[in-house]
Amino acid sequence: MNSSLRTVLEETVRNPGGITVLTGAGISAESGIPTFRGPEGYWTVGSAVYRPEEMATWAMFSRKPEEVWRWYLYRLGVCRRAEPNTGHRALVGMEHLLGERFTLITQNVDGLHLRAGNSRERTLEIHGNLNFMRCAVACDDAVYPIPDTVLPTREEEGLRLSALPRCPRCGALARPHVLLFDECYNEIHYHLDSALSAAAQTTLLIVVGTSGATNLPNQVARLVFQRGGVIVDVNPNTNPFAELARRNEQGFICQGTAAAVLPELLHVMAGAGGWSGS
Ligand code: OAD
């Protein structure tokens with residue numbers, strides 16, 4: 001590893017201040033979950049009938065809830081069969097090392113960070129989680145696990161749907177607990193304020209596997225940048241966060257995969273923190 005990066009990581013661990021990791025689909029690519037905009041990506045391949053930007057919208061859900069549920073249950077099946085990789089596990093190590101100084105902001109709806117062992121308290125799932133649903137008419141804000149009765153057992157079974165999930169409280173149609181394209185971020189479901197407030201305390205931001213196509217991640221990175229925090233971009237390809245890291249006084253670009261790079265970053269941070277880890 002670049003010796004200046006090593007020094008910056010050691011210093012940020014030894015000094016006070018928040019350390020935030022912002023993840024995107026790239027971290028789960030090595031767990032076998034397609035990204036959105038890569039060659040095999042969900043948004044590139046799309047569905048048989050609808051373009052993704054039509055499919056993942058409230059407008060489509062209100063007209064064709066069954067179609068939208070099929071699509072999300074198919075993706076849920078893919079996520080349930082996937083396992084967290086060494087990149088996810090390295091972030092569990094960072095949380096153990098840093099405790100309340102650590103925040104994980106993830107755009108991923110696959111739930112793999114929580115399955116790997118990051119805590120709910122320190123993980124902000126800003127695009128929701130495919131494993132959950134909530135009332136489509138918002139009778140309240142409760143979020144419920146998707147019942148096993150509607151879960152696909154095999155990939156192809158995910159395309160058949162016997163009954164649409166219902167809100168356990170009022171019986172209305174339930175909806176996937178994910179941010180749709182024609183919806184806005186909020187705190188109650190998508191941790192908007194918590195993510196911005198973590199960014200305002202952040203001295204080191206590690207951005208992993210995201211193309212920077214959505215709004216809140218860009219706001220988070222810009223806030224850290226403007227306050228003089230260090231930005232480290234982990235991605236085999238270039239992206240807007242790499243550009244920000246390049247313009248950042250102490251920024252770094254780690255051009256590699258999440259599963260390869262994150263354990264190295266953890267190793268250095270753990271050395272500086274005098275932590276043996278587990
Ligand atoms: P994208 O598919 O847009 O970008 C994936 C990024 O991961 C790219 O920059 C790749 O270069 C990088 N990548 C690929 N393999 C990697 C690996 N092994 N290690 C590290 N990086 C790797 O996915 P996101 O940026 O996550 O939102 O997409 C952001 C949001 O756009 C998604 O959460 C989704 C989508 O619309 C909603 O649905 C609300």
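1. Let's start where the two domains meet: twelve residues of domain 1 are in contact with 13 residues of domain 2, contact meaning heavy atoms within 4.5 Å. Please keep in mind that this is a predicted model, in which local features need pLDDT of at least 70 and side-chain atom pairs count only at pLDDT 80 or more, while totals for chains, interfaces and linings use all residues. Residues are numbered from 1 along each chain as its sequence is written, and side-chain values use heavy atoms, with hydrogens and water left out.

2. As for which parts these are, domain 1 covers 3-33 + 84-127 + 187-273, and domain 2 covers 39-81 + 131-178; the bounds come from an automatic or database domain assignment. Taken over C-alpha atoms, the centres of domain 1 and domain 2 lie 28 Å apart.

3. About 930 Å² is buried between domain 1 and domain 2, with carbon and sulfur atoms giving 54% of that area. Buried area here is the accessible area (1.4 Å probe) that two parts lose on being put together, summed over both. On the domain 1 side, Ile33, His189 and Tyr190 lose the most area to domain 2, and together they make up 48% of what that side buries.

4. What kind of polar pairing does the interface of domain 1 and domain 2 have? Four residue pairs are in polar contact there, both residues at pLDDT 80 or more. A polar contact is a pair of N or O atoms within 3.5 Å; within protein, one must be able to donate a hydrogen and the other to accept it, and residues adjacent in sequence count only if both atoms are side-chain atoms. Salt bridges between domain 1 and domain 2 number zero; the rule asks for a side-chain nitrogen of Lys or Arg within 4 Å of a carboxyl oxygen of Asp or Glu.

5. Helices α8 (112-116) and α9 (187-190) each supply at least two residues of the domain 1 side that touches domain 2. The most comes from α9, with three residues. Helices (H or I, at least four residues) and strands (E, at least two) are DSSP runs, numbered from the N terminus; the protein has 13 helices and nine strands.

6. The salt-bridge count comes to six. Because Glu66 and Arg70 sit four residues apart in helix α6 (residues 65-81), about one helical turn separates them.

7. Finally, the C-alpha trace spans about 55 × 35 × 35 Å along its principal axes.
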